[in-house]
Amino acid sequence: MSLSQTFFRLPFQPAALSRLLVRPVQIMIAIGIGLAAAALFAQMEGERGVPPIASGGDFEVRGVKVDVQAKDADSARYAGWRMAQRQAWRMLWSRTHGSGASGGGAPALSDSQLEAMISGIEIEYEQAGPNRYVATLGILFDRARTGQLLGVSGNVMRSPPLLVIPVLWDGGSAVSYERTNEWQKAWARYRTGDSAIDYVRVAGSIADPILLNAGQTGRRGRLWWRVLLDQYGAADVVIPIARLDRAYPGGPVTGTFTARYGPDNSLIGSFSLRASNDSGIAQMLDEGARRIDALYIRALNDGRLRPDPSLIIEEPVDPDALAIENAAEAPIEAIDLPIQASSTTSVAIQFDTPDVSSVGAGESTVRGIPGVRSAATSSLALGGTSVMQVSFEGTVEMLRNALQARGYSVAMSGNTLRITRRQAPPPSQ
């Protein structure tokens, strides 16, 4: 067979030719898909994640300034650290006992005793010369070793776990975990072990940017919040907000910090700080995180920072139902009469709350109705209409009749009741 015959026969073998061409194309497509997946994973994994530092229960003393001279750089640094340990011990004693900034009355401890109590030294600022050491340090004292000398118990009061969603307003737009930002970094490096607030901090990687974005903080629906909080093992949410305003490019920066909490975005407090230029923003945000933590602690102590009961997914244990269950497991001869469990209905009652006293009065009235197991305000709106969650042993109609018998006008829609006090009739002329 000649070469020309062979050449002209090739186009008449499409199966062989297609097999030769398709395989390289498949390989190239597979490589392209792999590279795209790797790029997407790198974007989700590396560009957003800022893992928070480990925060144990150590006592922390920040802002200890030292300026030491010695024969060489190493000796100056070692002497500066020892001086910082002594200053930090006096500052910690004064903070715990209220003995003033000088730390008067603090037990005199040797350097070796202090070193045994210290769990770490954090360098906030440092300059080292040939024979001089200037630094601002943070000293961490081990709680178990230091608590006995301070007269402080190793266990401190802690809040329920609260999910942190830091929101930064900069340049007219808000961002949380959608991308890495300085406010997220400030909360990631903030040491929360010495705080009374049990913060749940996330790294901001994988699904966090999708679930915990700035838009989520503006939602009021409880269903999605319940799913989120259950996902992260939290009882409620706190929303620290930082807003940066620049006087001019490269000039002073004013930071307005606001502490909010809960799906209703309730206000705890706010304050302002100022940085001379962009290089001082990180330090200003660190100070802002510390002060917002102090606002949350103060709100926890005075009762303003309380988890929203409407966010709890699990139903509370019913003691009567538990007793019935135990009785059902008891021997037959021990039961004189058959016990039947009555059905319990969950009812939402909307009622007017013009002032604080009206909240307690409304709850007391509902609790006084026979068959009411529990009654607690789940959504408070002073000066408006609040919502009370009621567990009632019976039907909604029975509860409506009982409320009407106590002088309320009741409007019913499903398992929701709207109650108002009946107006007294005008006096007859």
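Predicted model: local features only at pLDDT ≥ 70, side-chain atom pairs only at ≥ 80, totals over all residues.
Residues are numbered from 1 along each chain as its sequence is written, and side-chain values use heavy atoms, with hydrogens and water left out.

The chain contains twelve helices and 15 strands, these being DSSP runs numbered from the N terminus (helices: H or I, at least four residues; strands: E, at least two). Of its 429 residues, 34% are buried; buried denotes under 20% relative accessible area, exposed over 50%, and partly exposed in between, with a 1.4 Å probe and protein chains only. Among contacts (heavy atoms within 4.5 Å) between residues at least 6 apart in sequence, 63% join residues at least 24 apart.

An open sheet is built from three strands in the order β1-β3-β2, with antiparallel pairing; strands pair if DSSP finds at least two bridges between them. From one strand to the next, the twist averages 20 degrees. Strand β3 (residues 132-141) is joined to β2 (residues 118-128) by nine bridges, and A128 stands opposite Y133 in β3. These two strands, β2 and β3, form a hairpin with three residues between them. Nine bridges also connect β1 to β3, where V64 stands opposite L137. Helix α3 (residues 73-97) lies across β1, β2 and β3 and runs at about 140 degrees to β1; axes are lines fitted to C-alpha atoms, for helices over the stretch in contact, and angles run from 0 to 180 degrees between N-to-C directions.

The structure holds 20 salt bridges, each defined as a side-chain nitrogen of Lys or Arg within 4 Å of a carboxyl oxygen of Asp or Glu. One of them joins R62 and E122 (3.6 Å, N to O), linking strand β1 to strand β2 across 60 residues. R62 is partly exposed at 37% relative accessible area, as is E122 at 23%. A salt bridge between R82 and D111 spans 3.3 Å, N to O. Because R82 lies in helix α3 and D111 in helix α4 (residues 111-117), this pair ties together parts that are 29 residues apart in sequence. D111 is buried, with a relative accessible area of 16%, whereas R82 is partly exposed at 23%. Both residues belong to a network of salt bridges that links R82, R86, D111 and E115. In a further salt bridge, the closest N and O atoms of R246 and D170 are 2.7 Å apart.

Within helix α9 (residues 281-301), M284 is buried at 4% relative accessibility. M284 touches L244, V253, G255, F257, L273, R274 and A275, not counting residues up to four places away in sequence. The C-alpha atoms of M284 and R274 are separated by 7.1 Å. By contrast, V227 in helix α8 (residues 222-232) is partly exposed at 42% relative accessibility.
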